[in-house]
Amino acid sequence: MNLTGYILRRLGLLLVTLLAISLLISGILQMLPGDAAEQILGAWAERSGQTLGAMRERLGLSRPWHEQYLGWLAGVVRGDFGKSLALDAPIGPILAQRLGYSLRLAIPALLLAVGLSLVLGVIAATRRNGVVDHAITVFTLAGVSIPAFVLGSLLILVFAGWLRWLPSSSALVEGHGIPFWAKVLTLPVATLTVESLAYITRTTRSSMIEVLKTPYVRTAVLKGMPRRAVLFKHALRNGLLPTVTVIAFNFGWMLGGVVIVEQVFNYPGLGSLVLFAIEQRDLPLLQASMFFVASAYCVANLLADVLYAVLNPRIRY
Amino acid sequence: MADGVLVAGTDVVAVPLRAPRHWPLTLLVGGGVLGVFALMALVGPWVVPYDVEAFHRQAALKPPSASFWFGTDRYGRDVFSRVVVGARTTMAMAVSGTLLGLTAGLLIGLASGYRGGRLDEALMRLMDIFMSFPSLLLALLVVAILGGNVVNAVLSIGIVFMPRVARVVRSATLGLRHAPFVEAAQVRGERTGYILFREILPNLWPPIIVEGCIRMSYAVLLSVSLSYLGLGAQPPAPDWGLTVSKERAFLVQAPWVVLFPAGAIVTLVVGVNLLGDGLREWLMARKSVDE
């Protein structure tokens, strides 16, 4: 199958997955004890039946479940995610704004993590069992073992508390332009980078070790190619394949990391929006933001798979 | 990694669980760390020097000393006692969440891999949908609906793990479906339950144990993260994740209040990771021999 056909098939599959995800979210929300209106109103619900009725009407709960779901879906297709109860505003623009903030956090972290981990992985693989390799192994073990909120708190203690170089919370920063974003983003991006770095480095190291054993790499070395050219032109190209898969697998882990990191640094991204929706029991916002984040994850996975197929012409599903 | 023990062809036998000649160092260190934390969780409340909720107001926010080994928090509660007893909620959540996920995943994986066909297809697509959620988000969704507490956190960890375990078990079961001893049992007319649990399951223990250990380290990270977000253990439990979040205002003034529970979390996860590496080395050793 050619690449275009593969991509088209994956896009079709993506649509089906998104439908299934929206159904799952909607289904889980139906499992609420009582109903959404009672959840939102809490103790008030028992006292005033009228408010409860009004809230049910407002949420469209009087309709059967499949109608509610289809109505919601029809809205989403038109770009209308409904209205947030806690913020009393349309959800679509909020999601777009928060997505922008989250990407400003996630993209630099991802680029840094991938770049650094390739360098570290290659260094560790070429000096296998040396001091540097062991140091990198210890570093990655620490990286996979430290939760994002612990690392974030440590960085806050050192850089905001003791050294006073950077703010402990994004809400404390004033100003605009590059200095503003540098102050806001440095610690959160550093936290997120270390969290993702460790896994990718581990994979790059082991796949590079495998590749360096292959005959074609030995041939390249023996024909007198410069070491750097062997490593980065010949070995890394094949060594990268498992790494791409791990990066894709780690999108999910990283998205979780984004939620935590945003919470630690009071950063107003999608993750803190989800937590806000949970805290406020704002169900329309929860449904929309959950769906949005899960879709972003699926799209990211799809991109990684396509990249994998482009990098590795032998693989077509 | 699950494919490691499943040697294709006729020599599929139960991998003997006998003691290795050289115990991997990682296994010993990891097992030791986990043992210490398990002990803390089991007997903690009866051996700590202070009641975890006892206020010593005249000694609030004191640094570590001979009477308060890890210092005290803003109410003058003993941080050492709280860290020791705090092992309970995290260990309970991580262990039960892992067991729940393993059990559910095991049953689904066995059914899917052994029966095959439409059932397999349906179950695996369902698992795919669960896996198309980032794990923390799925856990958050479950806890958000059911309410944040330890039991629901366990449930959410189980649900997050179920599809991943199911995949591993399914692929291992697929490899054994036509093994001679399974076909022999079918010819003898054994019941499906007997074949699944007495013939196939014993061969699955090594990959399940290794998978369980990998899951366990994620489970610790997930449960402390849920508690940190206020959706796991609830106050006044001396839970580590909860403490790191509740006491963050005192991070600079009294770092010990946060640093000791944070250190406990990292030590536990490092221990579980080392144990996982060691177990893999021991149980999956056949793989490297075969290669």
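The questions and answers below concern a predicted model.

Visitor: What pattern does chain B follow along its sequence?
Guide: The model is predicted. Chain B has 10 helices and 0 strands. Read along the sequence, the pattern of chain B is α-α-α-α-α-α-α-α-α-α.

Visitor: How many helices and strands does chain A have, and what share of its residues is buried?
Guide: Chain A holds 13 helices and 2 strands. Among its contacts between residues at least 6 apart in sequence, 69% join residues at least 24 apart. Of the 317 residues of chain A, the share that counts as buried is 37%.

Visitor: What share of the residues in chain B is buried?
Guide: The C-alpha trace of chain B spans about 75 × 50 × 30 Å along its principal axes. Of the contacts in chain B with a separation of 6 or more, 73% are between residues 24 or more positions apart. Chain B has 291 residues, and the buried share is 51%.

Visitor: Which element gives the most to the side of chain A that touches chain B?
Guide: In the contact between the chains, 35 residues of chain A meet 28 residues of chain B. The elements of chain A that give two or more residues to that side are helix H1 (3-30), helix H7 (131-145), helix H8 (148-162), helix H11 (227-264), helix H12 (270-280) and helix H13 (283-311). With 7 residues, the element that gives the most is H1(A).

Visitor: How are H12(A) and H13(A) oriented to each other, roughly parallel or roughly antiparallel?
Guide: Two packed helices are described by the angle between their axes and the distance between the axes. For H12(A) and H13(A) the axes are 9 Å apart and the angle is about 150°. The crossing is left-handed. Angles over 145 degrees count as roughly antiparallel, and H12(A) and H13(A) are therefore roughly antiparallel.

Visitor: How many nonpolar residues does the contact of H12(A) with H13(A) have?
Guide: From H12(A) come Leu270(A), Leu273(A), Val274(A), Ala277(A) and Ile278(A). They meet Leu285(A), Leu286(A), Ser289(A), Met290(A), Phe292(A) and Val293(A) in H13(A). By class the contact has 1 polar residue and no charged ones, and the nonpolar count is 10.

Visitor: Is H4(B) roughly parallel or oblique to H7(B)?
Guide: Helix H4 (residues 135-146) and helix H7 (residues 192-228) of chain B have axes that come within 11 Å and cross at roughly 50°. That angle makes H4(B) and H7(B) oblique.

Visitor: What is the handedness of the crossing of H4(B) and H7(B)?
Guide: On the H4(B) side, Ser135(B), Leu136(B), Ala139(B) and Val143(B) meet Leu222(B), Ser225(B) and Leu226(B) in H7(B). The residues of this contact divide into 5 nonpolar, 2 polar and no charged. The crossing of H4(B) and H7(B) is right-handed.

Visitor: How many of the 12 residues of H4(B) are buried?
Guide: H4(B) reaches 17 Å from its first C-alpha to its last, close to the 16 Å expected at 1.5 Å a residue. Gly147(B) follows H4(B) and has a positive phi, near 105°. The buried residues of H4(B) include Ser135(B), Leu136(B), Ala139(B) and Val143(B). H4(B) is largely enclosed by the rest of the structure, because the buried residues number 11 of the 12.

Visitor: Is Ser171(B) buried or partly exposed?
Guide: Ser171(B) is found in helix H5 (residues 150-176) of chain B. Its C-alpha atom is 9.2 Å from that of Ser112(B), 59 residues apart along the chain. A residue needs 20 or more other C-beta atoms within 10 Å to be buried. Ser171(B) has 16 C-beta neighbours inside 10 Å, so Ser171(B) counts as partly exposed.

Visitor: Is Val257(B) buried or exposed?
Guide: Val257(B) lies in helix H9 (residues 256-283) of chain B. Leaving aside neighbours within four places in sequence, Val257(B) is in contact with Gly71(B), Asp73(B), Val79(B), Glu247(B) and Phe250(B). The C-alpha atoms of Val257(B) and Arg77(B), 180 residues apart along the chain, are separated by 9.8 Å. With 27 other C-beta atoms within 10 Å, Val257(B) is buried.

Terms used: Residues are numbered from 1 along each chain as its sequence is written. Chains are lettered from A and ligands numbered from 1 in the order in which they are written. This is a predicted model: local features need pLDDT of at least 70, side-chain atom pairs count only at pLDDT 80 or more; totals for chains, interfaces and linings use all residues. Two residues are in contact if their C-beta atoms, placed from the backbone, lie within 7 Å. Helices (H or I, at least four residues) and strands (E, at least two) are DSSP runs, numbered from the N terminus. Axes are lines fitted to C-alpha atoms, for helices over the stretch in contact, and angles run from 0 to 180 degrees between N-to-C directions. Angles under 35 degrees count as roughly parallel, over 145 as roughly antiparallel, 65 to 115 as roughly perpendicular and the rest as oblique. A crossing is left-handed if the near helix is turned anticlockwise from the far one by less than a right angle, and right-handed if clockwise. Ala, Val, Leu, Ile, Met, Phe, Trp, Tyr, Cys and Pro count as nonpolar, Asp, Glu, Lys and Arg as charged, and the others, Gly among them, as polar. The expected span of a helix is 1.5 Å times one less than its number of residues.
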